[in-house]
Amino acid sequence: MDVVVDGLVEHRRISPLDKVKAYFALTKPRVIELLLVTTVPVMILAQGGIPNLWLVFATLIGGALSAGSAGAFNCYFDRDIDRLMHRTSQRPLVTGVLSDREALVFAWTIGVISIAWLAVFTNLLAASLSLVAILIYVLLYTLVLKRRTPQNIVWGGTAGCMPVLIGWAAVTNSLSWEALILFGIIFLWTPPHYWPLSMKYRADYKTAGVPMLAVVRGRVVVGLQIVLYAWAMVACSLLLIPVGHMGLIYSATAVIAGAWFLYESHRLYSRSIRDLEIKPMRVFHGSITYLTLIFLAVAIDPLLPFLQV
């Protein structure tokens with residue numbers, strides 16, 4: 001089979017292990033990892049303690065398959081622009097390790113399995129929310145918004161917020177204000193998480209014709225938008241304290257981590273205004289740390305009732 005190596009086409013045999021690795025890469029495992037980090041803490045908060053471990057396992061398996069399906073569909077529909085971007089040049093459909101048909105069949109298969117799995121082992125609400133997440137990411141973000149508007153990641157990022165609703169629904173078979181606030185935290189977190197990445201890879205997106213905010217507007221505008229969303233995100237995280245009756249662990253984490261991320265966001269904006277060298281990936285990696293700390297606190301807080309305020 002022909003594969004692409006450093007932009008050159010060569011003919012070599014693809015081993016079964018190469019195929020397995022390619023299918024795994026097709027699911028965007030780094031994204032899945034981040035999504036699952038938010039699911040377990042939400043389940044603990046919904047339960048008010050440690051939930052049934054089989055339910056947690058079933059939810060994680062179903063969620064991973066669902067997110068993997070969305071990622072595989074995205075790789076299939078974006079294979080043309082992935083060939084133009086250095087950041088995505090080693091994806092399986094670009095290198096030729098997997099065919100378009102193999103990717104599409106794989107995406108459909110694990111997508112159907114994920115919905116059926118959640119319906120059987122959790123509940124219909126969780127399964128329905130998982131289906132909605134796939135549709136948002138594939139139809140709304142990939143096929144409609146991504147190539148048409150710089151607001152693509154804002155509304156398309158809604159799919160990344162769905163695991164908190166799925167985790168809550170798996171435990172309670174319902175939704176609540178706490179779940180919606182956690183949804184809001186991730187919704188408002190997504191732009192200041194992704195826009196710094198698009199600043200670093202601005203040339204890639206410009207070459208591919210993808211109108212990310214960093215492509216169509218200057219870095220000062222992007223920096224300001226990051227600051228505004230960061231403030232809204234921190235405010236939303238603090239709203240969970242009275243609504244969810246959160247204790248000292250979460251409260252302190254939300255305040256301290258929020259203040260730190262606001263500092264990093266303002267620093268990026270300030271250096272953009274003064275036309276100094278910026279390091280957007282510092283904010284990108286910081287956003288991951290922030291979200292991890294917030295949801296770690298969400299998980300720990302219900303387990304320490306003696307620290308409730």
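On a 1 Å grid over the protein atoms alone, a cavity is a set of points where a 1.4 Å probe fits but cannot get out. By this rule the structure has 1 cavity of 30 Å³ or more. This is a predicted model, in which local features need pLDDT of at least 70, side-chain atom pairs count only at pLDDT 80 or more, and totals for chains, interfaces and linings use all residues. Residues are numbered from 1 along each chain as its sequence is written, and side-chain values use heavy atoms, with hydrogens and water left out.

**The cavity**

- The largest cavity has a volume of about 50 Å³, where a volume is the space filled by probe spheres set on grid points that are joined across faces, edges and corners.
- Its lining is made up of Glu-264, Arg-267, Leu-268, Arg-271, Lys-279, Arg-282 and Val-283; a lining residue has an atom within 4 Å of a point.
- Both α14 (248–273) and α15 (280–300) supply at least two residues of this lining, and α14 gives the most, with 4 residues.
- Helices here are DSSP runs (H or I, at least four residues), numbered from the N terminus.
- By class, the cavity lining has 2 nonpolar, no polar and 5 charged residues.
- In these classes Ala, Val, Leu, Ile, Met, Phe, Trp, Tyr, Cys and Pro count as nonpolar, Asp, Glu, Lys and Arg as charged, and the others, Gly among them, as polar.

**The second largest pocket**

- The second largest pocket has a volume of about 160 Å³; a pocket is an open set of points with protein on both sides within 12 Å along at least five of seven lines.
- It is lined by 10 residues, of which Asp-18, Lys-21, Ala-22, Thr-95 and Val-97 are the closest to its centre.
- At least two lining residues come from each of α1 (16–26) and α5 (92–95), and the largest share, 4 residues, is from α1.
- The lining of this pocket divides into 5 nonpolar, 2 polar and 3 charged residues.

**α3 and its partners**

- Helix α3 (residues 53–77) packs against helix α7 (residues 124–145) at an angle of about 20 degrees, with the axes 9 Å apart.
- Axes are lines fitted to C-alpha atoms, for helices over the stretch in contact, and angles run from 0 to 180 degrees between N-to-C directions.
- α3 and α7 are therefore roughly parallel (an angle under 35 degrees).
- Their crossing is right-handed, meaning that the near helix is turned clockwise from the far one by less than a right angle.
- On the α3 side, the residues that meet α7 include Ser-66, Phe-73 and Phe-77, and their partners in α7 include Ile-134, Tyr-137 and Tyr-141; contact means heavy atoms within 4.5 Å.
- This contact of α3 with α7 has 8 nonpolar, 6 polar and no charged residues.
- α3 also packs against helix α6 (residues 100–121), at about 155 degrees and with axes 8 Å apart, which makes the two roughly antiparallel (an angle over 145 degrees).
- The contact of α3 with α6 holds 17 nonpolar, 8 polar and 1 charged residues.

**α13 and α14**

- The axes of helix α13 (residues 219–243) and α14 come within 9 Å and cross at roughly 170 degrees, so α13 is roughly antiparallel to α14.
- Residues in the contact of α13 with α14 divide into 19 nonpolar, 7 polar and 2 charged.

Notes. Angles under 35 degrees count as roughly parallel, over 145 as roughly antiparallel, 65 to 115 as roughly perpendicular and the rest as oblique.
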